[in-house]
Amino acid sequence: MTTEAAAARATIPILAADEVKSASERALAVAAGRVARIHEAERVLDAWDDVATILEDAFGPISLLNSVHPDKEVRDTCDGALVQESSFLTEVFQNEAFYEAVSKVEPASVPDKELRKHLLEAFEDSGVSLAPEKRQRFREISERITELGQEFAKNIRENTTQLRFTPAECDGMPQSWLDRVPRDEEGNVVVGFDYPDYVPFLMNARNEEARRRYWFAYSNRGTPRNLEVLDEIVALRKEIADLYGVASFAHYVTKRNMVETPETVIRFLGDVRNVVTAAELRDLAAVGQLKAELTGQPIEETRISRWDAAYYRERLRERRYAIDQEALRQYFPTQGTVAWMLDITSRLYGVRFERVTVPVWHEDVIYLDVLDDSGLYLGGIYLDLYPRDGKYKHAAAWPVRGVSARTGRKPISALVTNFNRQGLTHDEVETLLHEFGHVLHGVLSVTHYLAHSGTSVERDFVEAPSQMYEEWASRMESLALLREHCGDCPAIDESLVQRLRASNKFGAGIDYGRQLLYAFYDMALSSATPGRALEVWSLMEGATPMGYVDGTQFPGTFEHIASGYAAGYYGYMWAKAIALDLVSAFGPDLMNREIGRKFRELILSRGSEEPARAMVERFLGRPVASDAFFEHIGGESPAADHQVLEVACLP
Ligand SMILES: [Zn+2]
C-alpha cells in the first residue's frame, strides 16, 4: 500500500440505522442551504458540482447499503432516506432562479457545454417550466414512483419462500450442489430463490414436474402485490407524459437517449425480430428433437415448456459440444477467476489492484485500491460476491462515488453478485466480467465534473462497455492467463474455447427471442395506451413459441421496468450492437494493450463528457455498425441500409 493511496483513499462509511438518518438529514440541510444561494455563484456549474458531491457522499453509500446491508433495519432506513433525496432533487430542478442562472452560463469547454445541457434537461424533465399545479403534481408523482420502486425491489429481495424437493426429485443434480444445500428432517432439500440454488436446478434436475414447480414459484416471487405496484407505477408514468403533453412515457424518456425517439426503438426491435424469429424456432426445434429422443415421446407430441428449455439446452450442449456447465466450475474456481479478471484488466488498461483491509458491511466483502501503473491512486472497489439473506439477488455494479478532476475526488464502485463459492459456470464468468465492465467504467473515468463520471452516460449506451467485457470470457488469449491464478485446475485449450463459443452461439435464438419480448413489453407499458401489466404480458408472452403459462406473474419480478430501465430495456440490445462493434476494434488479440489503453482513454475515462456516439466513433474511426450484432443473434444483417445504427426519425 502506498502512503499516497492511504491519504487519498475514499471508503464507504458503514452506517448504522440512526447514522443513515443523520447523514441523510445533514446532507440535505447543507445542500438546501447551498442551493438557496446557488444562482449568486460566480461559477454556477462548479457550485452545483459541489452540491452534487455533498449529496453523493451521503446517498451513494446509502443506495448501496439499501441493497446489501445484513441488517434489515439499516436497509429499511435507507429506503426512507432515498425517498427524501429524490424529492429534494425534484425540488432543486424546479428552482427557477437556479434554472435561469444555468441558462445564462457561457460554456468555456466541452464538459461545460455538456453539463449545462444535462442540467437544463434535468430542469425540463423535472417540470421547471410547467404550470404551478402541474409542477406540484410532478413532485408527488416522482416521490410516489420512488417509493413504489423500493417496495417492488424489497418484495423480491426479502421473499423468504422455501421449496422442498425429495431426493428423487433432485435426480440429476451435481454432487457439489447436493452437498451444499440445506435439508429438512425428512432429508428433503430446502431451497429459496438465490441463483446458485435455482439456476443449476432448472439446468440439471431430470424430474420435469420438480422443475415445473420450482420455475412456477420463481415466476411468482414478487407477486401478487408487485403487479399492483407495477400497475400504479405505469399509470403514474403515463400521467407524467400527460403533464408534458407528450404522447407517451417512452417519448419523455427516449429523447435523452441515443435513439432520441420511440419510433427508432420500434424500428430497431423490428430488425431484431426479422433475424431472431427464425433463429428461435430453429433452436427450439433442436431442443424439442432432443427431448423427444430422451423421453421416447413421438416428436409431434413433444412440447418444449419454459421449464424445459434450460434443461434440454444443457443436454444438447453436452452432446453437441461436450460442454457441461457444472463441470466447468473446476476450470473457473471463484477466487482464482476473480484474480484472473483483475490480472487481465491490469494488463489491458495499465492498472494495478491492491487488497487493503478497510471496514466492510459483511465479512465476505473485499476492498481493493486501484492504482495506475505509475503508482497514482485512481479509486477503490468493493467486491461482494456471495449470496445471503436479504441481499440483492442479481448481479450489479453500484457507482457509489464518482470522480471529479476539478476537486480531486476519487471514485468508488461496488460489484455485487450471488456466486457459488467453489466455482463458476461459464455463464457466470461472463456475468462477472459484465459487472466488472461497469465497475471499470466507474473507477477508470477521469472527468472534470462529478456529474460526468463513469456510468452517467446515456441509458442506451451504459451497457456497452459491460457487454463488451463479456467477450474476454470466451477467447484463448485471455483465458490462457487463468492458469497463472489456478495452478491445479484443468487447462483451458483451444478446443474447449471453440466449443464454448459454439455452445454459446447455440441458443442465441432462444435468448434473444426472450430479450426481444422484454424490450417490446417494456415499450408497450411505456406507450400511449399501456394497459394492465399482467394482461399485456400474458397476451405478448402468449404469442411466443413457448406461450404463456396460466398462473404465472412474471411482470411482478421484472425489476428493470419497475425501476430506471423503463422505456430503456431495448438498450441492452442496442448497446450490445455497439459492444460487439467495439470488440471488433481489438482484432484477433483481445489482450492488445495498445487498443486497451486507447479504449480506456477515449471511452472509459471520458464518462459522459461528450455524447456516446461521438466518443465511440472517435475510438472506431468510423460510424457504429450493427453487422456483428445481427450475425451474433442468428443470421445476417437485415438490410444494407440498416447496418449503421442511425438516429433517424420516422415522420
Ligand atoms: Zn449491466
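Reply: Happy to. A residue is called buried when its relative accessible area is under 20%, and exposed when that value is over 50%. Please keep in mind that this is a predicted model.

Let's start with the cysteines. Cys170 has a relative accessible area of 3%, so it counts as buried. Cys78 is buried too, because its value is 0%. Cys486, at 4%, falls on the buried side of the cut-off, and Cys489 is also buried, at 7%. Cys486 and Cys489 are joined to each other by a disulfide, with an S to S distance of 1.3 Å. The pair limit is 2.5 Å between cysteine sulfur atoms, and by that rule the model has 1 disulfide.

From there, turn to the zinc ion. Its ligands are His434 and His438, each through NE2, together with Glu463 through OE, at 2.1 Å. Along the chain these donors follow the spacing H-x3-H-x24-E. Both histidines sit in helix H17, which runs over residues 426-443, and they are 4 residues apart, about one turn of the helix. An α-helix has 3.6 residues a turn, so residues three or four places apart point the same way. His434 and His438 are both buried.

The largest nonpolar core holds 135 residues, and Leu269, Phe436, Trp472 and Phe629 have the most contacts inside it. Helix H21 gives the most to this core, with 11 residues. Apart from that core lies another, of 58 residues, with Ile38, Ala47, Phe98 and Tyr382 among them.

Leaving out residues up to four places away in sequence, Trp472 touches Trp340, Ile344, Leu348 and Leu433, among others. Its contacts also include Ser478, Leu479, Val583, Phe586, Leu590 and Met591. In soluble globular proteins, nonpolar side chains tend to be buried together.

Note on methods: Residues numbered from 1 in each chain as written. Predicted model: local features only at pLDDT ≥ 70, side-chain atom pairs only at ≥ 80, totals over all residues. Heavy atoms only, no water. Donors = N, O, S within 2.8 Å, 3.2 Å for Na, K, Ca; no water. Helix = DSSP H or I, 4+ residues; strand = E, 2+ residues; numbered from the N terminus. Buried < 20%, exposed > 50% of the residue type's maximum accessible area, 1.4 Å probe, protein only. Core = buried A, V, L, I, M, F, W, Y, C linked by side-chain atoms within 4.5 Å. Contact = heavy atoms within 4.5 Å.
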